Every structure is written in structure tokens, then in C-alpha cells.
Amino acid sequence: MHQSFVTRIERLRSPARALLLLALLGSVQQPHAQDSKLQDSAISQLHTYQDGMAAFEIRGSWGFVDRAGHVAVEPAYSEVRDFSEGLAAVSIDDHWGYVDRRGELKIPAAFTYARDFKQGLAAASTADSQWGYIDTDGNWAIRPTFSGASDFVDGVAIVNEGYNQHRLIDRSGKLIKKFPADYDIDEWKRDFGVLIVTKPPSSSYFNIDGQTVDLPPGVSDFQNYGDGLLVRADTQQGGLAYGATDLEGNWVVKPRFKSLGVFHDGVAIAENEAGFGLIDKTGEFTAPAHYASIERIASGHFIARRREAPHHVEALATDGQRLFPNPCPRLQHRELGAWTVFIGCEATWAIHDKGTPQQVPFSIPEVAQVGDHLLIQDTAAASAKRPTATAFTLFDPTGVVISSDSSEAAAPYDWAMLIKPEQHADAEAAPTLPLALLVGADGDVAIVTYDHRIVHKDEWRYDPLLLEYGSTLPEVYGPMVMKTAGGYGSIDASGNWLLAPTFTRLQPFVKGVARARNGEKELLVGAKGNTREIPEGFRFAGVVTANRAAIVKDRENGERERIELNLATGEQYQSIEQPGYFGYSKTHAGLKPAEDGNKWGLVDTLGSWVVPATYDRTPEALKWNNSFLGWKISQNEKNNDGWNHSLYGLLSPTGEVLSAPRYDKISVQRETGLLLITAQGAYRTGLMSVDGKILLPPIYKNIRYTDNGWFELTTDEQVGLMGTDGEWLVQPGFFKFHDLSRSPISREIIADEDVLIDTAGRVSSADMPLSPLDDNPDYWLYRVESNDKGEDQTVYYGFDWKPRVTLPGRIDKPFSEGTVTVTAGSYDNPGVQLIDSSGKRSALLPYETIEPMVGGLAVAKPFSQDDRTARYGFVDKTGALVIPADYERADSFSEQRAIIVKHGNYGAIDAAGKLLFHSAWRCGKYPVVIDADERIVWPEEEAKITECPAEN
């Protein structure tokens, strides 16, 4: 059809022929800057070949070219999908039909949308957005009853019935599997005969006593959990209303509130149109909804403010009744252990747990608490008996035990102080210190015993060191030091002398050891009276552990002589400390971090190794509320990408291994003192006790403490593998299965261990390896590790974990058709090499990059000084350049055809590099498709024109 025009051109000599083509085709033969490439191509988009056809766009319309480069389907459609099974979906007037390879409309455009044919069926939708499946004649094979539909693969398809209601069906439309609500199925990663199914995130609650509460299936709108009820939102008449359901999802408190707090002790704060109130578990108000705000405090009581008087505060009990007769302006509260103290209206109320309020007439009180005892002193109001003294009242859970106005406290005591009990004493042992101290204006001293007796001795005199037994101090030890006119001694919890008051000075005891002085002699004294004089030249260096103190003497050579004295047994230990050996870390439980050869361990106070120096960082002391929990240890390890990262473990306070280093993070949970652990490489959290017991495995996205010992647990999505029969191959877990887009093997983590999972559902670990079903090198996995010289090397291994080939350097890519590309050469002579699966290398190739092999050929980019002049070609598996680097862009081959851009024009080449077609603008304004011989092959009418029309 082009013969006359083409013949005339071919008869011309070459220069004349070129000039004529330039005149007819415009500037297409001239190279152009990258910014204007696509302006020179009549084809603005060109897809890779699928099913022997390639879709292309010219002037906003789409058509198809065949493998020979002929326009088989005219560009007449606003949208198209690629060919599949001999048909392609095309859009006509916003409806979809199908054309065949000849360009004939095989199935009329009667669908609002249509997908590709797969296994003889194509998903299509109707005007009312219902999806079904048609056959190649356009007839409904499966009626359109679904809200969504995927392609058929391996005989099954995924359809939706409503929002996120996935179903698995076969080619007859028979239901194979009905998935729970909100489960998601990846319809794109189905290359290896499996379905990747994602289970949605879920939440539950866990109590430190071990109780777990799971939320009902599909419940994701909960606000909080307490007393067996889930606070949830419900859409009601276009708005939100809050109520509470049981764990089966049944409404217990109807959703009729604007807001609703968590239930505790059978009560919750609720808000309606009138205001805030308290409701019980039936939803009835126990405190009317006439408050501007209600706040629950830790004791379980409530602070409420009226709308008409927001500065006047009421204290409410859990039954909604007022704790005090009248509201108080600016009522304050303090919570100390099981006690709650309210201050206001010129009075103070004390409540133990949720008992009866007990009032004292103190307007400006000082409050202290030890165990079940509460001491309140009023610095503003004096006692009736002693106008110049401070009034005080001491409570236990039964009520007032002693007050400044009682007969038991007849002496003129100015102030009282609760004494903190010894923290390190045996819980079952008798107290080593009194309950409280009473001090008079003239220096008289009395103590209060734990059986609530006031013990006073005329010889006792006040000394400021008694303040070191106060309840607010971090650590206090017994027995109590007491001063007399004749010297210092110590007393027990009942006031009896343990050490006679014969010392010139006696410091408070620490772990059974006290420093003392008799005249000029400096002594160490044990709690039972054993004494040791500190030799001349030595100085006190601290208490090491119970009944054991250290003294040191500096030598001229920089060494330090150290002696440890056991005041209970009389034993003595001697050692020589090297300068800087212990670093600057503090001693805990008699142990201290020490370094040896860039490794860390723990030594005792004499410098003997208790925990060998095997860890990569300084052991860290973990503390909570002044309690020493243990040591956090660290070990460096290379991950699969070859990068060092730290893993953490736990030692007991005395150095026993409770948990080997296997966690990315260990931290102390603030409210409970338990340990939060983060799984290696998974960014998921668990909970561990201080003795190393796993309370919750590290599988949770978040662990949040609520209150009353409860944690809210939130899981991440869980992913599993399912066969086409609807049966689980791998139950949902914290997997990713990212690798299944290119390989039937995925590397995952189970219980902190690297494992491999294949599409048959088999799990292979280094300890229990399994043979591969297909040992294709393209399916090998890889990891980066260090060789004997400390250099990086990449190990490729199979499903059985056995190495297949080890290559030097860090290579972050898999094999493709049995080859992998690596950067090689030097700074002055850079390049790449191709390596096959046996480890054989090609010569150094002068390319910046080589893409993965496809069909035995790979896109190669030579070095270029300017990206605007970059060119691409193709190399084979030996590295030979088989298609010259003449293209500004080149895509990988598909069906032995590759899409290229040359001189700004889209085109296609075959595996031999022969140009099949490209495009241009004839006369600068008319789009044409040209074959390899530079003949116009489309449109037919343009091939007949021999010269450009004259310009007007």
C-alpha cells in the first residue's frame, strides 16, 4: 500500500533520501535534549508486550501493535487494558468491551468496568457496581452479585460481599472459603499458587496476675476496658453515642451518652446533655448529671465541680454520695499509699482505702505515710494543751491511734516524724526501727512503737542526725542511733539499748555498719556491737554489702591497697586495685562493671571476676523506685544485611544469666517495674518479669499500662499463607512474606529465630533444615557476614540453609537467571562484573550498571559524564554487548521484545536488536508509525502523501 511512495524514495541516492525524510517527518531524525524527547515521539506511552501485543497511546487514544510492529488495533480508545488470552478490554463512551487481535469488537461495551481474561473468565461490573464473571462470548458465567472481584489464578478468585467481606470461589462460582470481617487477601502476589492472607490488628487486655481478656471478633471501636465491659461508640441518628458491651459484643449499657469513661468498682463517669454524672453497670445514674466535670482519682474517689460554682469542689464516693456535707472552695487531695487526704473548708479528712472519712481540724497540714500509718500535722493551728506546739494526729486503718491532745502524748512535743522502715530487712522479721519520733522544744525525744506505745527516756536528747530516718528518704537502715549527755548509742524498735551510749560520735547505720569515733580513734561498728579500728593511713571507702565495709590506702606508685572487713564474722579480705580498673560505675549488690580487652563483665569489690568479661557494652544497672532489679547486658551481632547492632539480655543482681542477649531493647515499665522487651528486628514488644520469666511474648505492636494492674495489648497485622483449597498452609503470624513476589521462599522470624518458609508451608531453620523443592539459584537467599580477615562477604544459601556460593563484598541483590551483577574495579578503572551461580566471574565490564537478566539479556548502561547523554544497550550472560548502547531508554525484554527510546522516539526491538517500529510527526503535526525500513505503516492515508501541505 506504500509501494509508490517508498519506491520513489529508495531510488534516490542516500543524501537526497535523507533530506526528503526530514522534510516529511520533521525533526525526528535529529538527537534532542532529554527534556524534549517525548515531544518528538508521536507515541506518548508504550507498554511492554503482553500476549503478543503492545498497547500504545497517540494523541490521547490507545491502540495495539503486534510482534511484527504492525498496528493491529487502531488507536481509537480512551483507555485499554493489556491483551490476555487473545482479548483486550477497551473503553468506549465510558463503558468497557473487548477487542480481538484483528481489532474487531468481540464483546460489546456493556460493562462499567472490565478486567483481563484469566483461565477463560474475566471480572466485569454492571451499572449498579455489581461484579461477576463473563466468558469469552460475553455471557455471564458467574452472575454479578459481588461488590468486588479479582482475576482467576490457579482456578480460584477473590470476591467481596460488602465492605471487607472477602470470599474465595472456584470457576463455577462455588464458595470455597468465607473469611472473617476485615481480613485482607493480596490479589497481586499469587505467582506461586498460594494466597497471602492478612488478619487485621486486634486488641486485648492483660493483668499482671496473668489474666487475659480478648476482645470479640470484629470489635475495633472500643475506648477502654474495665469490670468486664468494653466502652464502645455506636452511630445513632447520624451522630456518635457511647455505651458498653460485654465481651461477646452484647450491649449492657445502651449507647446513649455523649462520653463514657472506663468502668471501675462498678462505676463510670458518663456525660449527657445535662452534664457529667456517675452511672452503674446498668446505665443508671448514681450521681446526677449536673456537674461541669468529674475526675476519677487513683483511690477510686471522684472530684466533681458544679456548673454554677466551678471553684467549689465536691468529693464523691463510688456510690455517688458526697464524702463531706458541703462543697469546698478549691478542695485539694493527696494520695499516699492506701490513704487519700482531702484538704479544704478549714479541715482535713483522711480516708483509708474506701473507708469512712476521718476529720481533723487542721487547715494547713503536713502529711506523711508509712505502710498503713498516716501522720497529719498542722503547722498553723496549735494544740489545745500546748499553744506553741504543733498539733498532730497519727492514724492506722482502724482510726486515730495517737494525737497531740491525747493522754498518751502528755509531754510537750513540738513535732512528730514518721520513720521509714528498713527496706532491706526480711519482710517477716520484726522491725528494726520505731514507727515514729516525737521531739519536744527542750530537746526531749520519744518514739512511737509499732504497737502504738509512746516510749520516752529522760536521757534521750535530740540530734539532727535523727532526720536521716525520715519517711521521705530513699534508704534507711536500723538500728536507730540515739544521743545522750554521755555519748551516742543505738536502740531497737521498742527503745531498748543495743549499743550503750559510749561513743563520742556514731553515724547512722548502713547495711549493718556504722562509722564511729571514740576520742581520736576512728572505728567501724557492727549492728551487734563488733568494732574494728581503722588503721593509720587508711580511710573509709564505703559499705560494700551487708555487714561488710571497705577501707583503702593510696600507694605512691598509684596502686591502691584495699581491705574489706566483715563486722559480723570478723573476716578480713585484702586486694590491690589497679588505677581505673573499675571505671566510674557504682557498686550494686556487691558487684561493679569492669572492662578487660574491650569486653565487659562484673567484678566483686575485691576485683575478682564474678561475670567474665564477655559483653560488648558496660552492664547497666536497672532500677525501679529505688530498687535494684538487675543488670542489662549487651552483645553486638551482625544482621542479615551485615550491619552490627546490639542485642540485650538480663542478669540477676548477683550476676546469674536470666535472659541471654536476644532483644533489641529492654526497659523498665514505669508503673509496675516489669521489663518491656522488643523482639529482634521485629519492632514488637513483650513483657518480662525481673526474674527473666516471659509474661507476654514480644509479639505486640504496643503495650500500654492502663491502671489497676491492667495493660492494653495491641497486635500488629498478622499474615498467613493459604492454599487454593481454602486451607491454611501457614497460620497467621507476624510474618511479612515480602519475598514471595519473586521467590517461593520467604525469610521470617519465629520466636527470635530466623527461619525460611516456602509456599508449601514448610518451615526450615538452621537447627532443623529441610531440602528445597526447587533449588533454582534465583530462589537463593543471601546474607552478609565477615570472613576471617574481618572483611564483608555475601553468602548465598538455599532453603536447607547450606551455602551455595560465597562472594567477596556486600551484594544486596538476588540472582536473576543464574547471574548477579557486582560493582568491581577501582576508582581509576571502575566497572561491573557478571557472576554465575558457580561463582565464575566475567571480565571487568565498562558499565555503570547492568540490570537483572530477562530472557538471557540485560539492560546495560555505559559510563557517561552527563545523564542527558546516557545510552543503554543489552549484554548477554557472558557480558558481551550484543545490542549496542544506542538508546536513551531501554526496558527489559518481554516476549522477546524490548521497548526503547531513541532520538526521543518510542519504539520496539527484537532480541537481535532489530528495530520493529517507532513513530514520528509527519510534517511536524501528523502522527505516524514507521517500520525498520523507515516506511510509514500507519495510518494508511499518510503513507500515500509525498509532500507536506503548504502553510497558510
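Two strands pair if DSSP finds at least two bridges between them, and strands themselves are DSSP runs of E with at least two residues, numbered from the N terminus. The model shown in these views is predicted, so local features need pLDDT of at least 70 and side-chain atom pairs count only at pLDDT 80 or more, whereas totals for chains, interfaces and linings use all residues. Residues are numbered from 1 along each chain as its sequence is written, and side-chain values use heavy atoms, with hydrogens and water left out.

View 1. In β41, the bridge partner of L438 is A446, and β40 pairs with β41 (residues 444-448) in the antiparallel sense over four bridges. These two strands form a hairpin with three residues between them, and G443 in the turn has a positive phi of about 90°. Strand β39 (residues 413-418) is also joined to β40, by five bridges and in antiparallel fashion, with V439 of β40 as the bridge partner of W415. Five of the five residues of β40 (residues 436-440) are buried, where buried means under 20% relative accessible area, exposed means over 50% and partly exposed lies in between (1.4 Å probe, protein chains only). In a regular strand the side chains alternate between the two faces of the sheet. In β40 both faces are covered, with A436, L438 and G440 on one side and L437 and V439 on the other.

View 2. Because five of the six residues of strand β83 (residues 926-931) are buried, the strand is largely enclosed by the rest of the structure. Strand β82 (residues 915-922) runs antiparallel to β83 and is joined to it by six bridges, and F917 stands opposite D931 in β83. The hairpin of β82 and β83 has three residues between the strands, and C923 takes a positive phi near 55° in it. Two bridges join β83 to the antiparallel strand β84 (residues 936-938), where I936 stands opposite I930. In the hairpin of β83 and β84, which has four residues between the strands, E934 takes a positive phi near 65°.

**View 3. An open sheet of three strands.** The strands follow the order β54-β55-β56, and their pairing is antiparallel. The edge strands, β54 (591-596) and β56 (609-615), each pair on one side only. Strand β55 (residues 599-604) is joined to β56 by three bridges, and the bridge partner of W600 in β56 is Y615.

**View 4. Aromatic pairs.** A search of the whole structure finds 22 aromatic pairs, counting rings of Phe, Tyr and Trp (its six-membered ring) whose centres lie within 6.5 Å, with planes under 30 degrees apart called stacked, over 60 edge-to-face and the rest tilted. One of them joins Y113 and W131, edge-to-face at 6.2 Å centre to centre with 65° between the planes. Y113 lies in strand β8 (residues 113-118) and W131 in strand β10 (residues 131-134), so the pair ties together parts that are 18 residues apart in sequence. Y113 is partly exposed, with a relative accessible area of 30%, whereas W131 is buried at 14%.
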